[in-house]
Amino acid sequence: MKRLLANCVFISTATMLGCALCQAQEVDTQVAGNEEVARYMQQFEPRGVMSDGSSPTPPQLAVQQFSMPQGLGIQLVAAEPDISQPLFVSWDSHCRMWVVQYRQYQFPAGLKIVRYDQHLRAVFDRVPDPPPFGIPGEDRITVYEDTDGDGYYDHHRDVIQGLNIATSVQIGHGGIWVLNPPYLLFYRDADGDCVPDTKPEVHLYGFGLQDTHSVANSLLWGPDGWLYGANGSTTVGTVSSVATKGVEFSGQCIWRYHPDSKVFEIYAEGGGNTFSLDIDSKGRVFSGTNGGGTRGFYYPQGSYSSKNWGKHGPLTNPYAFGYFQQMPSEGDTRRFPQAFTIYEGGLLPREYEGNILAPNALANLIWHSERIPMGSSYRTVDLTNMCETLDRWFRPVHAAVGPDGAVYIADWYDTRLSHVSPIDDWHKSSGRVYRILPEGANPAHQPLNLANLDSDGLISLFEHSNRWVRQRAALELGWRGDQNVVPLLRDLAIANRSLEALWALNLLGQMNEDLAVKLLISQDPDIRCWTVRLLGDQHLGMPAVVAAAAQESDVQVRSQMAASSKRFPTEIALPLIGNLLKHSEDLKDPHMPLMLWWGVEAHVNSWPKMVKWLKTADVWDHPVFREAIASKLMQRLVATGRSEDLQRCAELMRLAPNAELRDLFCTGFLAAFTGKPMPILADEIQISLEDYKQRLGADGLLVSLKQGTRSAIETALKELRDSSTPLPLRCDLALALGETQDPQSLSALLALATGRGGPEPALQRAALVALRSFDVPEVGANLVGNLGGSISAEYELRDTACRTLVSRTSWTENLLNEIVEWRFKKEELPQDVIQHLRSLTDPSQQALVVKAIGPAVEISSAAKQAQWQQLMEIWRSAPGNATAGKAIFVDRCAKCHRLFGEGKTLGPALDPYDRGSPTFWITSIVQPSAEIREGFQSYSVLTVDGRLLTGMIANQDANHITLRAADDTQTVIPTTDVEQLMAINTSLMPEDVLQELSSTQIADLFAYISQGAKRVQQ
């Protein structure tokens, strides 16, 4: 069988332009803090979409090139030279438009880079001073006004300059709030004239700056009066305020800050590389992402969503035991719907109302997607694109709905899009803001000056068709503090007529138990939902919430109840969860099982109250508890490693009313000990495990092996050798026997691994994997001696053996010497093993690697340029034969990549990419390691017992790292066993992937992989 990876096309980046390979560029190394960094910057190969040398289209002509659906038009609002590099747009209560110009990007002024990591994350020489102190940056904030009330901005002025990596701005509550990582700044502006009254106050500090495309961003007022923001994936934070100190996180999250209480907190953790944020008319939180096949994430309060664990770090809660995925999407699967807004402006045709508008800067368009409830979460279905253009300079990086109901788009306007290059060649003099509105019409909603309205006027706006107007009116009421309107607001909220009235009451300090009791029986589920949320924000638990949970018919209200239970006192939270468990239909909901578990987990440390709840409540009877919580509860206790928690495990076993529940606890107990030995157990646990084994029958051997008992090993070996034992059980027993590291087990496994234990390749493969636990020389000698014989290339047995051999230093030398002595062909090594060997750092090992397989293939820049030109000429030639190209794809690519529903997923699926672009395909082929897609980077793990393992990180928490090898086997490694974890900066795809293919065959391959896409000729 041919090698699994050596000939596969491992696409490592979304879109790369060949110009970066064809011409040398001078690097401005003024930010380099030492010679090593300067050299690194000079030699770094740019990744992604780099500048192509073309000229921008004048704004008045560019706006004419948009293709719009029937009924919509687009207008130019602002452009260079007035603005450049616009990143964010917002409005104040006077309906003035505020534009953040991100001109300082990508290096903070006045800082020196002293080190880079493998993801081009920088370590700077110091923390910058907050503006206006220190070295001023080029970022600025510009305000646009409509002075004559005709719906068009006719005047602008720069109001704040000298900012240094400023990503967003919001106005309200007495001044101007500027997110300028590592700081959140507040400029007082009591008279609202856009001129700061004083120097800024620092309200937050500690946001990371390691990667300035991924810093804290998207500041947004929540209807609850908190300032919400997002954080990108490749920066970390240790954020402090006056009230909260040292809130740590790694990578992406949604956070919020309360200007009055000065509390900072993580609202929800995880998500994509988050550089957008929106809160809909019901106060639900969403963001876009840079991944494909989705429009973004929906974030319930206190939830955890997926991350790229190896690159972005674990969740802050090591006991989450699960996370949410992005919203499923039907339609265009290309990646990078980074920006995100939900249209609720009341101006566009009705079919847009409530839907998602997601600008895609890579594809030069704006998606329009229907947002459809899916239980307590959402899914999306694409409709006709809102707009698109052939102008490759169009880079929409932000979308928002204005006070006039139009959709505003901040256009970065640059052919370069990639941040993954230290070459600062951005086109810093360009940038536009557009707005989309009904075709041929002036804005139907003339902007309102909310700042000049009295309280009654603001309340009248609660009926407005524009979400921004309604929510802003509620915020204005709260900021003014007019208590005279409280009776009217109470009547509106209690009469189920206005969610905005409830928000205003909260801002006025009127959210109390008396009002909550009335609102919890509201006919409006959104009012019930927000009543629970606001009580949770005050940590104000009420028996009325507990009672309401049992009868609550709306799943999103139940989701919020579960979220707020984390913030309620334990004596309220646990009965509340008990009543939520009665809704057995929630077991199949995409979010509810984890939301309920997270609610329980938040109170585990209140153990006496937890025990009281378990003794008195009927939680044991509910399917949700049995299937979604029971095993996690036991796993949570074990995972701490504390002796008192092991005692609690025994108590939990005693509390279980039946064998079924004890078995579930046993499942959680064993899951917690994956990859590490068990301690001496309390009698209750030991007895429960024994009962569990007996009910499992033969499968119970796996549990006994976990405990390492002598009799279990002997029984397991007998079952393993017995051909009548079911094959799946024999494979599981082989893997479990490997963990025992018993000498008898070693003998049996060696016999199976070398083909002396029967004709079952699956069992042979399991034995090859199990041997990785044994640090003995005879394993290496036996395996290399059979590589040319009983360990055949069929069924990937030889590949598996090679991966086992390179997991130990001495075995690696056995394999390399076998190649040096011409007993094994280096061409038989799978590509991931070659990648592993190239990553070895010991000089003697490196020398042996070079002797065995030669130096790493390094194609010169001139050769790459020649290859680039050759492939581009093939692309431009007559189209190839797609049918013939499919056969080539299956042979060379499908073992790693999925396309048109076929192939594997060791590498990124290819459907979402710009398949009609030659620069995407050719640059990825010519320079496969230029950028390794998130989630597909390889890592090497050195364990304390001497194993050296490589693979992609499938999961990571505070206690374990799970490596997924190229053969899809997963190895769970306790973090206590990890001596070193390092990223491997080379792609699994070799640079000579098209070697031996003719021009005709390459044309055929291009024809197949670009099927269905509009081919771009360049």
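Rings of Phe, Tyr and Trp, the last by its six-membered ring, form a pair when their centres lie within 6.5 Å. In this predicted model, such ring pairs link Y102, Y105, W412 and W426 into a cluster.

**Aromatic pairs**

A search of the whole structure finds 34 aromatic pairs. One of them joins Y228 and Y267. Its geometry is edge-to-face, with 5.5 Å from centre to centre and 70 degrees between the planes. Y228 belongs to strand β13 (residues 227-231) and Y267 to strand β17 (residues 264-269), so this pair ties together parts that are 39 residues apart in sequence. Y228 and Y267 are both buried.

**Arginines over rings**

Two arginines sit over aromatic rings. The charged end of R256 is placed over the ring of W226. R636 lies over the face of Y319. The table gives the distances.

| Arginine | Ring | Distance to ring centre |
|---|---|---|
| R256 | W226 | 3.8 Å |
| R636 | Y319 | 4.0 Å |

**Helices α10 and α12**

Two packed helices are described by the angle between their axes and the distance between the axes. For helix α10 (residues 525-537) and helix α12 (residues 555-565), the axes come within 9 Å and cross at roughly 5 degrees. Angles under 35 degrees count as roughly parallel, and α10 and α12 are therefore roughly parallel to each other.

Which residues of α10 and α12 meet? From α10 come P525, R528, C529, V532, R533 and G536. From α12 come Q556, V557, Q560, M561 and S564. By type, the residues of this contact divide into five nonpolar, four polar and two charged. An α-helix has 3.6 residues a turn, so residues three or four places apart point the same way.

**Helix α20**

Helix α20 (residues 700-707) is mostly covered, with six of its eight residues buried. Those buried residues are G700, L701, V703, S704, L705 and Q707. G708 follows α20 and has a positive phi, near 75 degrees.

**H836 in helix α28**

H836 is found in helix α28 (residues 831-838). Is H836 buried or exposed? The cut-off for buried is under 20% relative accessible area. H836 has 1% relative accessibility, so it counts as buried. What does H836 touch, leaving aside its neighbours within four places in sequence? The contacts of H836 are then V806, L948 and T950.

Definitions and conventions:
Residues numbered from 1 in each chain as written. Predicted model: local features only at pLDDT ≥ 70, side-chain atom pairs only at ≥ 80, totals over all residues. Heavy atoms only, no water. Phe/Tyr/Trp six-rings, centres within 6.5 Å; stacked < 30°, edge-to-face > 60°. Helix = DSSP H or I, 4+ residues; strand = E, 2+ residues; numbered from the N terminus. Buried < 20%, exposed > 50% of the residue type's maximum accessible area, 1.4 Å probe, protein only. Lys NZ or Arg CZ within 6 Å of the ring centre and 35° of its normal. Axes fitted to C-alpha atoms, helices over the stretch in contact; angles between N-to-C directions. Parallel < 35°, antiparallel > 145°, perpendicular 65-115°, else oblique. Contact = heavy atoms within 4.5 Å. Nonpolar A, V, L, I, M, F, W, Y, C, P; charged D, E, K, R; others polar.
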